[in-house]
Amino acid sequence: MSEKTQELQKSSAIARISEEDINLISEDLRLKLTREEASAIYEFCGETCKSYQRVYELVAPTPEVKYPRTPGYRETEDSSWYYRCDIKGAENGLLKGKTVAIKDNVSVAGVPMMNGSKLLEGFVPDRDATVVTRILDAGGRITGKSVCEDMCFSGSSFTASSGPVRNPYDATRTTGGSSSGSASLLVRKKVDVAIGGDQGGSIRIPASWCGIVGLKPTYGLVPYTGIMPIEMTYDHVGPMARTVEDCATLLEVIAGYDSGNDPRQFPVMTHPPYSQLVNDGIKGKKIGLLTEGFIGVEEDLAGIVRQAALTLKEAGAEVSDVSLPIHSDGVAIWTPVDFEGTYQMMIKGNGHGYGWKGAYDLPLQEALTGAFDLRPFDCPLPVKIVMIFAEYMQRNYQNKFYSKAQNLIQHLTMEYNRILKDYDVIVMPTSSGKPIKLPTRADSIGETLKLVLGMIKNTAPFNATGHPALSVNAGLSEGLPCGMMIVGRMFDDLTVLQVARAFEKIRDGAK
């Protein structure tokens, strides 16, 4: 008996492509296949299907879930929490005794995750994101998933399917987003530290509007593995805390320095741990007040930030104005990559897209794909705008503007690098205004949409370039926090933290 006749039937991984499929696709793609070519392709694809069958049968490794946990429960009393849990990490480590909130676009195995959206409601990850594992390895205690905006696509805090998140300073105003829940929980002292995500300002805007500290690290410093992506070249995850010291400690953990398991050899790896050096003085550091960063900013906010930066002279820093006109074009350059890249990765690419050399979260990808296919109308309006405009651009201009914007980002990056040769950091207001009012039913759709991304003129450019950028509270105006953003050289997150800590000491009267 031959080997072929002994082989048992098995379920096919994919439906066998037919000659009819080949001819239909040929017509759609205008390939003008002959009958002979179509037949040959049919035979060739039969062999290709065997490779797909084998890939289906092979078992890909799933990251180990190291710390026991129960699913927890859905929070109904506090709108800043999506889900509550209690996961205790290692007995010792930099985060021993610290409670941690995890933004709900970050996978925590066994704990539901909805990314702020009805589309993913009911999804339960089977793995921990890398940052979650590192937090637990460092002794952190995860007490829940904090609410984020719907698909993380808003700089405000009213789009989450679970409801709006109110600003603790004024309940009629937004916390900022999309890491809205993390910021609210911190300012109300519900947790010690929190994780946020940032593609256009989503760590720094809520940090600014809630008067806390939030750092978007250098691009690539902290692994994004296990986190819901938006646009691969913009995706950042970083620390949020009430103090710069706690922010530095959490960065040290999630960047992998505490556990020593980050194999990449960036220049910053030669530095001792952030938590030990954050209090080093800044005498002799040169700080540039970016002229264009103050343009179009509310007058009182701009004044508070400028005065706050000037106080750094008391710590021995040199503070002066610097101009970089292309900064004013930063949001324009950011936009095509954000719109078209998001559409291709999140929508067309089923949540993860192609070209990423790393781990793909297949269960999350399958859940998102099914949701988009079944209920695309449940996407939030900001995402619908992206879908419509990006599809229009693809049909009419292909990826021309995406590509040109990426080329311009290289120029923008070099221009920031140029002035950062003369200055250790540059400073500007984090947002263009103070916390805005949450929309009510009386507001029109058009008026509401203006509240979604109208605050990112200073934050978004650094998602494009990848420079480290931190927001720290510079003071209050009309009882509302005013964030000051400190931007540094690539992989010199330490200096950004040191400057922020020096200001924090001056602001709080600490010695």
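Modeller: K10 forms a salt bridge with E57, and their closest N and O atoms are 3.0 Å apart. By salt bridge I mean a side-chain nitrogen of Lys or Arg within 4 Å of a carboxyl oxygen of Asp or Glu. K10 sits in the loop between α1 (3-6) and α2 (19-29), while E57 belongs to helix α3 (residues 35-57), so the pair ties together parts that are 47 residues apart in sequence. Helices (H or I, at least four residues) and strands (E, at least two) are DSSP runs, numbered from the N terminus.

Before going on, a word on the ground rules. This is a predicted model, in which local features need pLDDT of at least 70 and side-chain atom pairs count only at pLDDT 80 or more, whereas totals for chains, interfaces and linings use all residues. Residues are numbered from 1 along each chain as its sequence is written, and side-chain values use heavy atoms, with hydrogens and water left out.

Back to our pair. K10 counts as partly exposed at 48% relative accessibility, and E57 counts as partly exposed at 31%. Here buried means under 20% relative accessible area, exposed means over 50%, and partly exposed is in between (1.4 Å probe, protein chains only).

E298 is partly exposed at 33% relative accessibility, but K434 is buried at 10%. In the other, the side chains of R127 and D126 meet at 2.7 Å, N to O. R127 is buried, with 11% relative accessibility, and D126 is partly exposed, with 34%.

Taking a disulfide as a pair of cysteine sulfur atoms within 2.5 Å, the count comes to zero. For C148, the closest cysteine sulfur is in C152, at 3.7 Å, which is too far for a bond. C148 is buried at 1% relative accessibility. For C85, the closest cysteine sulfur is that of C148, at 15 Å, again too far for a bond; C85 is buried too, at 9%.

I135 is buried, with a relative accessible area of 0%. Leaving aside residues up to four places away in sequence, I135 touches L95, V100, I102, G140, I142, I195, L250, V253 and I254, where contact means heavy atoms within 4.5 Å. I135 and K96 are 39 residues apart in sequence, and their C-alpha atoms are 9.7 Å apart in space.

F389, Y392, Y397 and F401 form a nonpolar patch with about 400 Å² of accessible area together. Patches are made of residues with over 30% relative accessible area and no salt bridge; like charges are joined within 9 Å, and nonpolar side chains (Val, Leu, Ile, Met, Phe, Trp, Tyr) within 5 Å. Helix α12 (residues 381-397) gives the most to this patch, with three residues. Y392 has its place in helix α12 and is partly exposed, with a relative accessible area of 44%.

Finally, let us zoom out. The secondary structure comes to 16 helices and 14 strands, and 54% of the 511 residues count as buried. A compact globule with 511 residues would have a radius of gyration near 24 Å, and the protein has 24 Å, which agrees. That radius is taken over C-alpha atoms, and the globule rule is 2.2 Å times the number of residues to the power 0.38. Along the principal axes, the C-alpha atoms fill a box of roughly 90 × 55 × 50 Å. Among contacts between residues at least 6 apart in sequence, 76% join residues at least 24 apart. The protein exposes about 22900 Å², of which carbon and sulfur atoms supply 53%; accessible areas come from the Shrake-Rupley method with a 1.4 Å probe, and for residues only the protein chains shown count as cover.
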